[in-house]
Amino acid sequence: MSDLRSLPSVDRLLADCGPLIQSYGRMAVTQAVRSQLVAIRATRPDPVPDAQEILIAVIKAMAAQARSRLRPVLNLTGTVLHTNLGRALLAESAIEAAVAAMRAPAALEFDLDDGGRGERDSHLRGLLCELTGAEDATVVNNNASAVLITLNTLAKGREAIVSRGELIEIGGAFRMPAIMEQAGCILREVGTTNRTHAKDYREAIGPETGLLMKVHTSNYRIEGFTKEVLASELAAIAHAAGLPMVNDLGSGTLVDLRRWGLSPEPTVAEAVAEGADVVTFSGDKLLGGPQAGFIVGKREIIAAINRNPLKRAVRMDKIRIAATEATLRLYRNPDCLAERLPTLRLLARTEAEIRAQAERLAPRVEAKLGCRVRVTPCASQIGSGALPTETIPSAGLALTPSPEALADRLRGLDTPIIGHIHDGELILDLRCLPSDQALLDALSA
Ligand SMILES: *Cc1c(COP(=O)(O)O)cnc(C)c1O
């Protein structure tokens with residue numbers, strides 16, 4: 001039976017905690033000391049730990065508490081734009097711009113030419129119009145807000161016509177029918193899951209119609225006996241009835257991805273040229289910037305969106321405006337894009353390059369982890385609802401035995417390593433590994 005009478009008092013332990021109290025504050029350290037004592041009284045270990053052992057446990061507990069739960073991880077899942085791991089990594093110029101905007105006051109809503117009041121969107125409007133060919137542009141918190149405020153502005157209390165094949169759920173609570181309801185519109189579904197025709201839209205148009213909408217089916221594909229109405233045709237149908245056509249592109253991209261060996265996703269400029277009155281897309285998907293929602297299109301519609309009281313509720317902050325501006329600027333020089341934009345750089349990495357990296361790392365990882373490691377082909381995904389049915393050939397490491405235990409161990413590191421379990425192996429797809437050293441350092445910590 002352990003003898004708890006030898007347990008030191010809280011005050012006796014705190015007397016040795018000077019430096020800890022200096023770093024973390026008296027209250028937090030006292031709490032940690034108390035919880036250690038409570039745990040010892042509850043579990044009655046034999047022998048009872050002495051003051052030194054308890055202090056070491058307190059130091060460990062304080063260090064664990066100080067470690068952010070939002071700390072950087074190595075994304076070796078094979079999904080480049082992983083929503084749960086924060087999607088796009090920013091370009092260095094975007095990071096610098098964000099830091100500068102945090103450090104000092106910025107002319108966010110201040111006109112440097114005449115000293116009067118400026119507009120926060122003006123920093124991005126010119127670039128967005130130039131890169132998309134749209135008349136005007138505005139920016140909000142994310143693409144979900146972009147869709148919400150667009151629907152609310154154009155079709156509150158009226159019908160929004162959408163194909164049954166495009167009533168997407170993006171994940172969590174973002175489902176098109178639910179967003180329509182929150183925006184105050186009445187969803188008017190037309191067509192069927194696999195086939196929707198021009199006449200389905202035409203016949204649904206009536207006095208209650210507010211807009212026609214096309215939604216990019218970003219995270220699924222309907223294949224087989226299918227028919228959809230192209231955006232250009234839908235725009236013509238809408239305009240013939242004097243109505244606006246909205247195209248929610250989801251990811252959207254500003255450049256033709258074929259240039260980097262990827263399959264094409266619709267570009268925003270194409271969607272604008274097809275006649276959409278409004279196009280909405282995300283900042284942190286294929287575009288490779290911070291979380292943002294872009295709304296580009298006809299001048300009077302953008303002006304109406306900017307007048308909507310919701311705009312203030314979903315506006316972007318200066319840090320992301322600065323980072324977004326720097327990201328968009330990179331698109332003015334597409335030749336250097338893959339060097340400067342991490343998302344594109346990672347997507348464009350070749351299978352051969354990644355396999356060579358896997359061959360180099362396999363023996364070293366085996367030595368560090370003491371498990372079996374073999375090089376394996378992988379199939380990376382873009383993620384965040386871009387080209388959902390396509391994979392990009394890649395390579396990685398397959399770790400055995402006990403993949404679950406290995407996954408737990410790698411997640412517990414100072415820089416957690418996140419892979420995925422497949423067929424009884426822990427797979428680490430190396431596509432998104434920044435360098436050999438990054439993996440070795442993470443494993444050494
Ligand atoms: C991802 C996506 C959204 C939501 O965009 P967020 O930037 O995540 O808010 C909306 N519509 C479509 C079609 C999408 O793919």
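1. In strand S2, Asp136, Thr138 and Val140 point one way while Ala137 and Val139 point the other way, and all of these residues are buried, where buried means under 20% relative accessible area, exposed means over 50%, and partly exposed lies in between (1.4 Å probe, protein chains only). In a regular strand the side chains alternate between the two faces of the sheet. Strands and helices are named here from DSSP runs, with at least four residues (H or I) for a helix and at least two (E) for a strand, numbered from the N terminus.

2. A word on the basis of these points: this is a predicted model, in which local features need pLDDT of at least 70 and side-chain atom pairs count only at pLDDT 80 or more, whereas totals for chains, interfaces and linings use all residues. Residues are numbered from 1 along each chain as its sequence is written, and side-chain values use heavy atoms, with hydrogens and water left out.

3. The protein chain has 445 residues, of which 50% are buried, and its secondary structure amounts to 19 helices and 15 strands. Its C-alpha trace spans about 85 × 55 × 45 Å along the principal axes. An automatic or database domain assignment divides the chain into domain 1 (4-66), domain 2 (74-85 + 346-444) and domain 3 (92-336), and the C-alpha centres of domain 1 and domain 3 are 54 Å apart.

4. Which strands make up the open sheet of 7 strands? The order is S2-S10-S9-S8-S7-S3-S6, and the pairing is mixed, two strands being counted as paired if DSSP finds at least two bridges between them. S2 and strand S6 (186-190) stand at the edges with a single partner strand each, so one side of each has no neighbour in the sheet. Direction ignored, neighbouring strands of this sheet are turned by 25° against each other on average.

5. Within this sheet, S2 is joined to strand S10 (residues 293-297) by 5 bridges, and the two run antiparallel; the bridge partner of Ala137 in S10 is Val296. S9 and S10 pair in the antiparallel sense, over 5 bridges, and Phe281 stands opposite Phe294 in S10. Helix H12 (residues 299-307) lies across S2, S9 and S10 and runs at about 30° to S2, the angle being taken from 0 to 180 degrees between the N-to-C directions of axes fitted to C-alpha atoms, for helices over the stretch in contact.

6. Where does Lys285 lie? It is in the loop between strand S9 (278-282) and S10, and with 6% relative accessibility Lys285 counts as buried. Leaving out residues up to four places away in sequence, Lys285 touches Leu81, Arg87, Ala88, Gly250, Ser251, Thr343 and Ser384, a contact being heavy atoms within 4.5 Å. An unreviewed UniProt entry places the feature "modified residue: N6-(pyridoxal phosphate)lysine" at Lys285, though such annotations may be inferred rather than shown by experiment.

7. Another open sheet has 4 strands in the order S11-S12-S15-S14, with antiparallel pairing. Strand S11 (372-380) and S14 stand at its edges, each with a single partner strand, so one side of each is left without a neighbour in the sheet. From one strand to the next the twist averages 40°. S11 and S12 run antiparallel and are joined by 9 bridges, and Val375 stands opposite Leu397 in S12.

8. Helix H18 lies across S12, S14 and S15, running at about 45° to S15. In H18 (residues 403-411), Pro403, Leu406, Ala407 and Leu410 are buried. These residues cover an arc of only 100° around the axis, which puts them on the same side of H18; the arc is that of the directions from the helix axis to the C-beta atoms. The elements against which the buried residues of H18 pack include helix H17 (351-369), strand S12 (392-400) and helix H19 (436-444).

9. From C-alpha to C-alpha, Glu223 and Ser444 are 47 Å apart in space, and they are 221 residues apart in sequence.
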